[in-house]
2 protein chains.
Amino acid sequence: MPDHAVTFRLISKDGDARRGELSTPHGTVQTPTFMPVGTLGTVKGVDIERLAETQAEMVLGNTYHLALRPGEKVVSKLGGLHEMSGWQGPMLTDSGGFQVFSLAKVRDIDEEGVRFKSHIDGSRIELTPERSVEIQEHLGADVAMVLDEVVSLPSTRDNVESAMHRSLRWAERCQNAASRSDQSLFGIVQGGLDEELRRESAEGLVSLDFAGYAIGGLSVGEPAEDMYRTISATAPYLPTDRPRYLMGVGTPNDLLEAVSRGVDMFDCVMPTRNGRNALAFTDEGPLRLRNAKHAEDTRPLQEGCPCLACRRHSRGYIRHLFQAKEMLGPMLVSLCNLTYYQRLMQGIRDSIEQGNFEEFKAEKQAGWAKG
Amino acid sequence: MPDHAVTFRLISKDGDARRGELSTPHGTVQTPTFMPVGTLGTVKGVDIERLAETQAEMVLGNTYHLALRPGEKVVSKLGGLHEMSGWQGPMLTDSGGFQVFSLAKVRDIDEEGVRFKSHIDGSRIELTPERSVEIQEHLGADVAMVLDEVVSLPSTRDNVESAMHRSLRWAERCQNAASRSDQSLFGIVQGGLDEELRRESAEGLVSLDFAGYAIGGLSVGEPAEDMYRTISATAPYLPTDRPRYLMGVGTPNDLLEAVSRGVDMFDCVMPTRNGRNALAFTDEGPLRLRNAKHAEDTRPLQEGCPCLACRRHSRGYIRHLFQAKEMLGPMLVSLCNLTYYQRLMQGIRDSIEQGNFEEFKAEKQAGWAKG
């Protein structure tokens, strides 16, 4: 087994919260980190230079979506996901598993893989561990994810257990299929909300020696406390010298709670999806810009925020943009929310370094509760 | 009559093409100039800093649209159109006349003004010359336009003539109603395609002494040759020390032809509307990005273009964005088209100064014809 292309260095701890650094072929990433989601090779409504202004360091692309449009071979002909999208920093692609289970129609799953119909044109597609790796190698992100079998919760323990075991076998197949020396594979811990299954999954993956470990199958509708408990039950079984990535999470509060339980990496569509829906995250909680009370408000979305929306525009103007269905509304609030998330992560990193993460967390939570 | 807030200085001529400078309370504008259209206080899909990067100097806002949403009083409470939109350079608002005639339902027009139903919510609204000026003074652009009666062509000479005469009377009422010392009013020459009526309209307006003169009622479906002929028949009756503004025009070729006939200012939605529809203007003619032949093309939209789209992205990627219905597609091509128009205007200004405007025009036209 060659050295991993992507490595992690733990810099300091504050309680279970970890301050670290991820090294990738396209640069280093300070952790804890939040990755904006660039589903189809673009973070929706945010151009590549504005995205860099948010201080994002690593961007996620969705294998399922890119394999359907424009197709991984086109991405490859356009130079790979970095070159095509213009993002020259670190990138990660998921395996496509989650989208197959949430978006595709008529799924037929067995030990070999999963066959489904495209949600775009209904065409029949097969995704196996080997095929997922092949697609991700064409895309060429720094981090690729193993294909896992995702179970929607609630489910029976038998279902969760057998999917977890199958995911372990698929993880090994992904590892055997991987051939790019400039790309590392992360394993994905499964096991639903069952602490024993989570431990078994983590130990099984760790014995395979992945460059990093994701906690998958969470934030799928379960209560937040269940998610936090499951993270707490999983993290102790992951090696300290590898990054821990909580997939698809979450709210600003989720990030704080997960960091306090030892998570290093996140991705989520919340800042952009909510931005497109006129909801701005602020230190006083969410701002719903369609509310008429903002119509003549000359204040920025968030006092002190360095983003274009806050530097140049008022709440009243941005509300007007949404009322008038102008593209600039979604563009500006997406940008502001991504900036909010990155500033939150910067505050998290600083407070871990300074040994006052819990105070930082309590202060943020108090502000949100006031709103 | 006080001195005009907006003044024009003719710097040089090349044939009938004019190189000049417009001075406004919010800065100077080099002419010939093209104004991007910010209908509702935003140029669609382009943020205010990217807009400045295109080298645009003056932006247009639409009185009709802004009066309906968010309403001119809200604009005023948000600091006026400059402060609200974030555009600190020169601005111009139209009078609302053209939109009333093209968008509003159930129009009832008489000497007093026009009553219509909002195209948004069907509410009844009255627009008179005095009311148009009042709204535009709330908006606070550097240049306001007189309310005119727009006749759709073809029409009878009697209709065109009586609308032209009424427009002259309305122009005088606008002038009498105007009270802001930091805003100048431009008259609008009407008269359809009738050269005699155009002369009468121009002379009538000039006797009222406006800060500038627009040529209105063109680019409404008539053949391009009729438009060019009408411009040629109007310009000689306009004073050389005032700017000439051809409203709602046009294609890159229209700009060249109108400049060669003495026009100084333009506005048009073409760069942004076409940009949203995946059509990019280039020196080799329009590029239709939905065409499959661009799928794997790694070239930029326009070689040598300094815009973000061309600096960072390929034709193949931008095509993918349109196929996937990503907002970034319209954002990038709108930006590229606005940059194309501004670079064309820069080339026009340079060539007039250098005395080789006709060569420049012929060279551009030859390039477009090849595409």
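Across the interface of chain B and chain A in this predicted model, the rule finds 12 salt bridges, and one of the pairs that meet in this way is formed by the side chains of Arg311(B) and Glu49(A), with a distance of 2.5 Å from N to O. Polar contacts between chain B and chain A, counted where both residues have pLDDT 80 or more, come to 16 residue pairs.

The side of chain B that touches chain A draws two or more residues from each of several helices, namely H1 (48-53), H3 (72-77), H4 (80-85), H12 (308-312), H13 (315-323) and H14 (328-354) of chain B. H13(B) supplies the largest share of that side, with 5 residues. By residue class, the side of chain B that touches chain A divides into 17 nonpolar, 11 polar and 12 charged residues.

As for extent, 40 residues of chain B are in contact with 40 residues of chain A. The size of an interface is often given as the accessible area lost when the parts come together, and here the area buried between chain B and chain A is about 3500 Å², with carbon and sulfur atoms giving 57% of it.

The relation between the two chains can be described next. Chain B is superposed on chain A by a rotation of 180° with 0.0 Å of shift along its axis, at an RMSD of 0.0 Å, and the two copies are therefore related as by a two-fold rotation axis. Within chain B, the C-alpha nearest the axis belongs to Met327(B), 4.0 Å from it. The same surface serves both copies, since 100% of the contact residues of chain B recur in chain A.

Definitions and conventions
Residues numbered from 1 in each chain as written. Chains lettered and ligands numbered in written order. Predicted model: local features only at pLDDT ≥ 70, side-chain atom pairs only at ≥ 80, totals over all residues. Heavy atoms only, no water. Contact = heavy atoms within 4.5 Å. Buried area = accessible area lost by both parts, 1.4 Å probe. Salt bridge = Lys/Arg side-chain N within 4 Å of Asp/Glu carboxyl O. Polar contact = N/O pair within 3.5 Å; in protein donor to acceptor, adjacent residues only side chain to side chain. Helix = DSSP H or I, 4+ residues; strand = E, 2+ residues; numbered from the N terminus. Nonpolar A, V, L, I, M, F, W, Y, C, P; charged D, E, K, R; others polar. Least-squares fit on C-alpha atoms with pLDDT ≥ 70 in both.
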